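Good morning, and thank you for joining this group meeting. Please look at the structure on the screen while I go through a selection of its features.

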Amino acid sequence: MCSGDWSTGDVLEDVAALVAERNRIDAALARRVRDAELSQAAERDGLKSMRSWLGGHCRLSAAAAARVVGNGRVLAHLPALAEAHDAGLVSAEQVAVAATALTPERLAAAVEQGVELGEVDAVLTGLAVEQPHTDFVHAVRHYLSRLDPDGPEPDPTEGRRLSLAKHADGTLSGRFELDAVGGEKLQAALESFVQADRPAGHERSRAQRLGDALVQLCDTSLAAGRLPTLRTVKAHLAVVIDLDDLAGTATGPEAARMGFGAVISAARARWLACDSTVSRVVFGPDGAPLDLGREQRLADRHLRRAVELRDGGCVFAGCHAPTWWAEVHHLVHWLDGGETNLQNSALLCERHHT
């Protein structure tokens, strides 16, 4: 049946049915993830938690993985809400809102004040099923304020969030949430760059100029050299490119790879190289000593650079730890006769290295 054959009533009924089905699937997923968490299935599979397992094996974002894990815990505490979720009447987003009331501290406060969690469960479930989403959110916030009306002001940094999404072409997008003071700091820093560079006749929008300011803020911080070091190396931009592409004149699309995985053109890499340190790495006997045999146990900087270029990060399945979180690991252990060379080396993060 083509879309033009649907009547208004039919298509809306189908949408409602699909939403309910999605809610039921989300409920089943949250319960199954909770079972896996309680049985420590992720740990036995080599990862730290179900959040990291979902990110590595199911390719969920950090926020989505955290929500699934959190919802599984909520369903164990609020049976009425769980039943409505199973029936498709309550969404995963609503369950995630309810999760804010079930932190260990708030559960303890509820017990101290004699709050009956079953009553809270019934009220929240009724609101979730019958009222608009915003009303449900307000009800949860009201409950939290009544739970601690005279308590200390919460730490404003608890609400800070920054999520980044990398796209296939290497571009980056994201969203963030900052408390009032943190937001003021960011605006003050960005505005200083925006106002310092206002050439006559410019046509860039306010959003474009703020984007330029953010990049300039990063440039200034990196150039100052006072950022925390990563594996004994100062924070820096890394670009890997073949010598022929670097020395050539062609645009060379997708000729260079950056440290976080973005792929850029040779022309862009040459532009970056104008103000950069260029290191030569040759995979062979005429270059850096990549094969150190049995006389040296630890990888030197030449071998580490070669392993980083080859592996790009932790090689454990499902782990995406970057190079600066990783150590050079002997595939055949040194104590078992393994040699310190490129073939016997692999990058592993601290968790998987141990």
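I begin with Arg 304, which counts as buried because its relative accessibility is 18%. Buried here means under 20% relative accessible area, exposed means over 50%, and partly exposed lies in between, with a 1.4 Å probe and protein chains only. The side chains of Arg 304 and Glu 308 meet in a salt bridge, at 2.9 Å from N to O. The term salt bridge requires a side-chain nitrogen of Lys or Arg within 4 Å of a carboxyl oxygen of Asp or Glu. Glu 308, for its part, is partly exposed, with a relative accessible area of 24%. Arg 304 and Glu 308 are 4 residues apart in helix α14 (residues 301-311), so about one helical turn separates them. An α-helix has 3.6 residues a turn, so residues three or four places apart point the same way.

A word on the source. This is a predicted model, in which local features need pLDDT of at least 70 and side-chain atom pairs count only at pLDDT 80 or more, while totals for chains, interfaces and linings use all residues. Residues are numbered from 1 along each chain as its sequence is written, and side-chain values use heavy atoms, with hydrogens and water left out. Helices (H or I, at least four residues) and strands (E, at least two) are DSSP runs, numbered from the N terminus.

How many salt bridges does a search of the whole structure find? The search finds 11. In one of them, Arg 24 pairs with Glu 21, and the closest N and O atoms are 2.8 Å apart. Both residues lie in helix α1, 3 residues apart, about one turn of the helix. Arg 24 is partly exposed, at 32% relative accessible area, and Glu 21 is partly exposed too, at 36%.

Another salt bridge joins the side chains of Glu 37 and Arg 73, at 2.4 Å from N to O. This pair links distant parts of the chain, with Glu 37 in helix α1 and Arg 73 in helix α4, 36 residues apart. Arg 73 counts as partly exposed, at 40% relative accessibility.

I turn to helix α6, residues 92-99. Which residues of this helix are buried? They are Ala 92, Gln 94, Val 95, Val 97 and Ala 98. These buried residues pack against α1 (8-38), α4 (62-77), α5 (79-86), α8 (117-130) and α9 (133-147), where contact means heavy atoms within 4.5 Å.

Two loop residues deserve a brief mention. Most residues other than glycine have a negative phi. Gln 40, in the loop between α1 and α2 (41-44), has a positive phi near 55°. Arg 59, in the loop between α3 (50-57) and α4, has a positive phi near 60°. Gln 40 is partly exposed, with 47% relative accessible area, whereas Arg 59 counts as exposed, at 68%.

Next come the strands, which pair if DSSP finds at least two bridges between them. Strand β1 (residues 161-166) and strand β2 (residues 172-177) pair in the antiparallel sense over 6 bridges. Ala 165 stands opposite Ser 173 in β2. The two strands, β1 and β2, form a hairpin with 5 residues between them, and Gly 170 in the turn has a positive phi of about 90°.

Arg 160 and Glu 177 are 17 residues apart in sequence and 5.3 Å apart in space, C-alpha to C-alpha.

Strand β6 (residues 326-330) is mostly covered, as 4 of its 5 residues are buried. Its pairing with strand β7 (residues 345-349) is antiparallel, through 5 bridges. In β7, Ser 345 is the bridge partner of His 330.

Finally, the cysteines. With a disulfide taken as a pair of cysteine sulfur atoms within 2.5 Å, the count comes to 0. Cys 314 is in no disulfide, and the nearest cysteine sulfur, that of Cys 319, is 3.7 Å away. Cys 314 is buried, with a relative accessible area of 8%.
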